[in-house]
Amino acid sequence: MLNILLFNECHYSNISLVGGKSASLGELTRIPFVNNADGFAVTTTFYTTFLKNNCIEEKIAEIYHTVSSSLSLRELTNTSKKIKNLFKTAKYSKHQESEL
């Protein structure tokens, strides 16, 4: 199974694989008068594998346990930055790199 699908391969029948936005964009590519940009979607399988390979879910859970309603806006912003950084520093597997 491919983990990267072009928009013209995305449709409502595979919404659980590509998500709602990509399925909608795929449907738009089939309407003749709609000028839709070419693009692609990574599948939920690709994304889940990426999360698991980098232990991102566990790391987010650890960060989440530090969040409380008493945190200041600055502290919440720093927490958000930590989570964003998990994605920025994560690595794709060799297989995922080759697919991208």
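Author: Contact here means heavy atoms within 4.5 Å. Please note that the model is a predicted one.

Reader: Which residues of α4 meet α5?

Author: From α4, Ile56, Lys59, Ile60 and Ile63 meet Thr79, Lys82, Ile83, Leu86 and Phe87 of α5. By class, this contact has 6 nonpolar, 1 polar and 2 charged residues.

Reader: At what angle do α4 and α5 pack?

Author: The angle is about 170°, and the axes of α4 (residues 56–64) and α5 (residues 73–89) are 10 Å apart. Angles over 145 degrees count as roughly antiparallel, so α4 and α5 are roughly antiparallel to each other.

Reader: Turning to aromatics, how many pairs are there?

Author: The count comes to 2 aromatic pairs. Phe46 and Tyr92 form a tilted pair, 6.0 Å centre to centre with 45° between the planes. Phe46 lies in helix α3 and Tyr92 in the loop between α5 and α6, 46 residues apart.

Reader: And what about Phe50 and Tyr92?

Author: Their ring centres are 5.0 Å apart and their planes lie at 35°, so this pair is tilted. Phe50 is also in helix α3, 42 residues from Tyr92. Phe46, Phe50 and Tyr92 form one aromatic cluster.

Reader: Is Phe50 buried or exposed?

Author: Phe50 counts as buried, at 6% relative accessibility. Phe46 is buried at 5%, whereas Tyr92 is partly exposed at 38%.

Technical notes:
Residues numbered from 1 in each chain as written. Predicted model: local features only at pLDDT ≥ 70, side-chain atom pairs only at ≥ 80, totals over all residues. Heavy atoms only, no water. Axes fitted to C-alpha atoms, helices over the stretch in contact; angles between N-to-C directions. Helix = DSSP H or I, 4+ residues; strand = E, 2+ residues; numbered from the N terminus. Parallel < 35°, antiparallel > 145°, perpendicular 65-115°, else oblique. Nonpolar A, V, L, I, M, F, W, Y, C, P; charged D, E, K, R; others polar. Phe/Tyr/Trp six-rings, centres within 6.5 Å; stacked < 30°, edge-to-face > 60°. Buried < 20%, exposed > 50% of the residue type's maximum accessible area, 1.4 Å probe, protein only.
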